[in-house]
Amino acid sequence: MNKKQIIQSTKLIAFIIILSFVVDKMAYFTITKISDTVYSGQAIGKLNHYLSIKDTTKLIVFGSSRANHHIDVKKLKASSFNMGVDGKFIAYSATLIKLLPKDVKQTIILHVDPNVAYRAHYNREETKTLMVKYHTNDIIKEELVRADLTNPLQEFYWCVDYNGLALGILKNAIFPKYDLEHYYGYDPMEIDGTQKEIFQKILERNDSIVCQTDLKLNPLFESYLKEIDSFCTNNNKRLITITTPLYIDKCPEDNEALRKVLEDLNIEYHDYSHFFDNRNKPEYWADIAHMSNIAAEMFSEALSKDLSIDD
Amino acid sequence: MLFNSIEYLIFLPTVFILYWLLNKDLKKQNILLLVASYFFYAYWDWTFLSLIIYSSFIDYYIGIKIYETNSPKAKKNWLRLSLVSNLGLLAAFKYFNFFTDSFAEMMLLFGWQVDHVTLNIILPVGISFYTFQTLSYTIDVYRDKLKPTKNIVAFFTFVSLFPQLVAGPIERASNLLPQIENVRKFKQKWFHDGIFQIAVGLFRKVVIADNLGVYVDSIYASPDVHNSSTLLLATIFYSYQIYFDFAGYSDIAIGSAKLLGFKFNQNFNLPYFSNSIADIWQRWHISLSSWLRDYLYYSLGGSRGSGLFTFRNLMLTMILGGLWHGNSWNFAIWGAIHGLLLVSEKIIFTVLKIKNAGWIGYIYPFCLVLVSWVFFRAKDFEAAGVIVKKLIFFDFKVPFIGDTNAIATGLSMLLIGMSLDLYLFKSKQDLETLGRKLSPVKLGAAVSFIILLISLFYSTSNNFIYFQF
């Protein structure tokens with residue numbers, strides 16, 4: 001390698017680094033500008049929607065798809081929002097709860113899944129979609145760093161924040177799906193033929209499940225639960241934890257164990273896993289863990305009566 | 001160490017700088033390469049380094065012995081020792097459980113319950129690749145096609161050179177060894193080729209293959225619950241996933257080697273633009289298919305006999321080639337399907353007195369290969385059976401889409417990947433030499449754009465598919 005080659009190669013590498021940095025920033029700021037206008041879609045739109053209503057809404061539901069598809073919050077309170085999102089668990093919910101205003105009285109309904117609580121491995125991977133706010137929100141950044149989900153290259157290439165989300169953002173910017181005026185985060189599941197057929201086959205297959213015998217609360221779950229409880233206690237929030245119905249709960253032991261944990265922490269808990277036990281029908285379900293819109297409405301009515309949320 | 005890891009992003013430039021700093025001393029350069037290659041491998045699991053060293057030593061020693069011996073019988077015995085040593089390693093680490101399980105199942109067919117032992121064996125990464133590489137060296141020396149090297153560092157580097165150590169390309173000693181033994185010169189155009197090919201390889205792997213893999217994995221996990229359209233879509237996705245995964249890996253390997261002044265042979269040449277099944281095998285995993293041709297098919301007699309004899313050799317080669325990929329009957333069936341397709345195509349072309357099937361030739365190979373991929377991907381024979389049955393008795397229902405964002409990302413990136421392939425096919429260019437044709441500004445712009453696509457659309461996968469082989 002002679003001097004000329006060293007200079008040429010160094011120039012090329014430097015050019016690539018500089019140009020890729022500039023291209024990245026141009027793309028990042030363009031996508032951010034578009035992203036901030038998006039209010040539809042589960043990953044970004046709903047997050048933006050949440051950030052815009054979180055300070056003024058009286059009741060907010062957090063949790064996974066089971067919270068999202070099962071709880072019609074308007075049946076519980078007029079000023080309400082369902083922030084349940086597919087595949088999101090306690091770390092995601094905890095991060096969003098920490099963004100709530102500190103001195104405003106609010107009710108938080110947190111969906112807790114015993115199956116997640118007693119998982120041996122929980123890597124908080126689901127909080128990755130919050131990455132879109134990595135460079136704009138310090139609390140989110142802190143939580144993502146803590147969850148060890150950041151990419152070392154992200155400090156240089158900011159577009160990594162939008163990894164896997166750019167097309168969805170564009171689609172939702174061009175074709176907004178929801179009526180923002182009336183959308184409040186609840187997404188009932190209307191079951192189509194394909195879904196019904198898949199569920200029927202799953203039922204026919206009757207997979208056996210091995211229930212855990214040595215139940216150990218996942219330390220991360222416990223830690224986030226305590227943080228949420230502490231945040232709510234110190235910031236004028238009522239925290240209610242619930243578990244929504246399942247088609248069949250083959251392992252009730254973890255529910256019981258979680259109930260005890262929540263009791264010890266003095267956290268209000270309502271377990272509805274067996275809500276439909278004596279009146280269950282396959283048409284109430286999209287799959288083992290998700291109710292159809294019909295069943296979700298029935299459940300929300302019952303929940304509203306149970307929780308006695310004051311105005 | 002994975003090519004698509006941050007560690008490799010640090011490792012490669014570090015080796016590159018140190019390597020070219022030593023360019024006045026070939027011996028030191030080769031020692032650096034050897035140490036770097038062992039570090040690269042040990043980063044995954046240092047305990048299996050001993051297998052590479054063992055395999056390298058055996059073939060280094062046997063190569064010299066074969067060359068020094070005049071007696072044909074002694075030469076043959078040395079060769080046998082190499083075959084037993086290398087294939088013995090493979091048999092022990094890759095096929096032991098397969099053989100014992102298959103034997104027990106066969107006995108059960110006759111009504112005999114056999115207690116069999118299965119071992120909890122971890123498959124050492126790259127064993128199938130470096131075993132074939134060292135074997136080709138010894139066989140070439142035996143066939144008098146190659147003079148053995150007495151430079152132990154060069155030979156050990158040939159076996160373990162990090163760009164090709166864990167998943168090929170399976171480089172022949174006749175190509176790579178002279179490059180290791182002779183002074184390498186830094187070539188600017190190779191540097192451009194290397195940078196461009198590494199960038200494209202990464203895009204193919206982490207953007208196209210890994211995004212398609214998300215859908216494929218979810219559908220193939222429970223094929224029994226999905227309809228025919230869904231399974232067809234997943235299988236089409238898989239055919240592109242495996243192509244872009246392995247071609248991407250090969251691109252990074254070839255590109256990395258070029259940065260260090262080595263020229264590896266092309267491993268993929270747009271296989272889905274083939275116009276016959278035979279053509280696919282000229283373009284798909286070229287280093288393996290040519291290895292099987294030269295060291296297995298020809299050893300079995302090749303086409304030097306009756307038609308039936310040739311067909312037998314083709315079938316055997318393809319079945320064993322299938323089994324090379326993994327210790328399951330699914331791989332043998334995959335190989336057998338390809339063997340049958342090659343034989344059938346040969347017969348049809350001979351009867352019709354044609355060399356290819358014209359424009360139909362650009363369609364049927366992909367369709368047939370698609371079915372064979374089912375056996376390659378399905379978790380077991382039962383699952384493959386379910387899928388094939390559903391593909392044959394097609395129910396024409398709406399496919400299950402799942403995460404639309406993931407599907408849209410996978411499809412749009414596939415479109416970009418295929419557009420590049422189409423451009424290469426139409427313009428009769430190789431990806432391997434495309435970088436040098438771009439001015440530094442164009443190259444920088446292209447690589448920057450690829451980096452942007454990777455940042456925005458990379459998906460995470462634990463491994464390259466071919467690591468499991």
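Predicted model: local features only at pLDDT ≥ 70, side-chain atom pairs only at ≥ 80, totals over all residues.
1. The cysteine B:Cys367 has a relative accessible area of 40% and therefore counts as partly exposed, on a scale where buried means under 20% relative accessible area, exposed over 50%, and partly exposed in between (1.4 Å probe, protein chains only). On that scale A:Cys232, at 1%, is buried.

2. Residues are numbered from 1 along each chain as its sequence is written, chains are lettered from A and ligands numbered from 1 in the order in which they are written, and side-chain values use heavy atoms, with hydrogens and water left out.

3. The structure holds 1 disulfide over all chains, a disulfide being a pair of cysteine sulfur atoms within 2.5 Å. The partners are A:Cys211 and A:Cys251, with an S to S distance of 1.9 Å, and the angle of -85° about the S-S bond makes the link left-handed. Because A:Cys211 lies in the loop between H8 and helix H9 (219–234) of chain A, and A:Cys251 in the loop between strand E4 (237–243) and helix H10 (252–264), the pair ties together parts that are 40 residues apart in sequence; helices (H or I, at least four residues) and strands (E, at least two) are DSSP runs, numbered from the N terminus. A:Cys251 is buried at 13%, whereas A:Cys211 is partly exposed at 24%.

4. Turning to the interface, 34 residues of chain A are in contact with 38 residues of chain B, where contact means heavy atoms within 4.5 Å. The buried area, that is, the accessible area (1.4 Å probe) that two parts lose on being put together, summed over both, is about 2900 Å², and carbon and sulfur atoms give 64% of it. A:Met1, A:Leu12 and A:Leu167 supply 20% of the area that chain A buries against chain B, more than any other three residues.

5. Across this interface the rule finds 11 residue pairs in polar contact, both residues being at pLDDT 80 or more; a polar contact is a pair of N or O atoms within 3.5 Å, and within protein one must be able to donate a hydrogen and the other to accept it, while residues adjacent in sequence count only if both atoms are side-chain atoms. On the side of chain A that touches chain B, helix H1 (3–35), helix H7 (166–174) and helix H8 (193–205) each supply at least two residues, and the largest share, 13 residues, comes from H1(A).

6. The rule also finds 1 salt bridge across the interface, a salt bridge being a side-chain nitrogen of Lys or Arg within 4 Å of a carboxyl oxygen of Asp or Glu. It pairs A:Glu197 with B:Lys397, the closest N and O atoms being 3.2 Å apart. A:Glu197 also meets A:Lys201 in a salt bridge (3.3 Å, N to O), and these two residues both lie in helix H8 of chain A, 4 residues apart, about one turn of the helix.

7. Within chain A, the side chains of A:Lys98 and A:Glu227 meet in a salt bridge at 2.5 Å, N to O, linking parts of the chain that are 129 residues apart. A:Lys98 is buried at 18%, while A:Glu227 is partly exposed at 23%.
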